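Please read the points with the sequence and the model side by side.

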Amino acid sequence: MKKKIMIMVLCVSTLMTVPVFGEENVSSQTTDTIQIDESEVTAVQDTVTIAVDTDVLDYPGRKEGNVIGEVLAEDEVTRTGTISDIWSRILFEDENGEQQTGYIPTSVLEGYEEEDTEENVEAGIIHKSSGKGIFADAVDGVTLTGGDEGILVGDVVTASADSALRPLGTFRITHYCPCSICCGPWANGVTSTGSTAVTNRTIAVDPTVIPYGSKVVIDGQVYIAEDCGGAIKNNRIDIYVGSHAEAEEKGVYETEVYLLEEGKSSEETQSSAEAQTSREVQSSGELQEENTDVQAENQGE
């Protein structure tokens with residue numbers, strides 16, 4: 001029987017290195033470099049002024065794009081293209097003084113601050129998924145807000161009463177929504193596993209660190225790993241929320257993260273970890289003994 005529980009983490013004596021689970025969980029979607037279709041870029045050639053300090057990304061979308069530089073308020077840069085009027089492609093100087101190409105939200109430019117980038121872009125609307133994947137049908141218990149077009153709001157994820165927690169370490173927590181700033185101008189609302197993103201449930205992870213389908217506890221709430229992103233690597237988790245304003249309000253922080261293991265008691269989890277440690281120590285001892293024997297044979301010769 002499933003019960004809704006609020007998991008309170010009392011303390012952890014030591015931080016554990018984040019385990020890397022089986023390679024069968026690795027998705028090629030995190031290793032492929034996303035290419036931009038130039039046919040989607042509207043060519044422009046003008047000089048624009050930066051209104052607020054902002055990061056420059058290598059791809060137009062905060063979940064997929066990696067930070068490659070920064071521009072500061074009052075900087076003047078050359079703009080070479082726009083994407084759906086939401087993103088601007090610019091030329092800027094990196095920290096080494098070399099000219100690079102990157103992407104910034106158009107809304108950070110002087111004269112564009114008042115434009116609402118979320119209301120007019122279809123990519124910012126979540127629809128029920130028509131994709132196929134291991135989570136394509138996992139949208140039970142959710143409601144659709146805003147009529148036929150809106151955000152799927154999920155119930156709190158349930159967990160078995162006999163669940164145990166495995167500490168994964170300290171993670172950098174960020175937040176994203178389905179808008180074109182967070183997910184890029186071509187976002188279609190379908191996660192990398194084929195499901196539709198749902199608040200109170202969906203998180204984007206590095207699947208080489210946390211496998212898809214894992215239940216993860218962050219600040220006492222249970223989420224499910226069912227999305228990824230080009231910028232979501234190693235110890236970083238992106239939590240899906242209902243609006244860009246909420247994503248900005250919740251911001252960025254670091255916290256302890258736990259893997260929820262259902263059907264296992266804390267004693268079983270501890271015994272499993274101790275057994276793994278014992279096997280590693282035994283293996284190390286055998287290797288050291290083998291090296292000693294080899295050295296002795298070499299000296300005898």
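1. I90 belongs to strand β6, which covers residues 87–93; strands (E, at least two residues) and helices (H or I, at least four residues) are DSSP runs numbered from the N terminus. I90 counts as buried because its relative accessible area is 0%, where buried means under 20% relative accessible area, exposed over 50% and partly exposed in between, with a 1.4 Å probe and protein chains only.

2. The model is predicted, so that local features need pLDDT of at least 70 and side-chain atom pairs count only at pLDDT 80 or more, whereas totals for chains, interfaces and linings use all residues. Residues are numbered from 1 along each chain as its sequence is written, and side-chain values use heavy atoms, leaving out hydrogens and water.

3. Which residues surround I90? With neighbours within four places in sequence set aside, I90 is in contact (heavy atoms within 4.5 Å) with V56, V71, V77, T78, R79, Q100, T101, G102 and I104. T80, ten residues from I90 in sequence, has its C-alpha 5.7 Å from that of I90.

4. Strand β6 pairs with β5 in the antiparallel sense over five bridges; two strands pair if DSSP finds at least two bridges between them. In this pairing, R79 stands opposite I90. The two strands form a hairpin with three residues between them, and S84 in the turn has a positive phi of about 55 degrees.

5. Strand β5 (residues 76–83) also pairs with β2 (residues 42–49), again in the antiparallel sense, over six bridges. Here V48 is opposite V77 of β5. Six of the eight residues of β5 are buried, and the strand is thus mostly covered.

6. K63 sits in the loop between β3 (54–57) and β4 (67–71). Is this lysine buried or exposed? K63 is buried, because its relative accessibility is 6%. Its side chain makes a polar contact with the side chain of D227 at 3.3 Å; such a contact is a pair of N or O atoms within 3.5 Å, of which, within protein, one must be able to donate a hydrogen and the other to accept it, and residues adjacent in sequence count only if both atoms are side-chain atoms.

7. Not counting residues up to four places away in sequence, K63 touches several residues, including C182, C183 and C228. C182 is buried at 2% relative accessibility, and C228 is buried at 5%.

8. The structure holds zero disulfides, a disulfide being a pair of cysteine sulfur atoms within 2.5 Å. For C182, the nearest cysteine sulfur is that of C177, 3.9 Å away.
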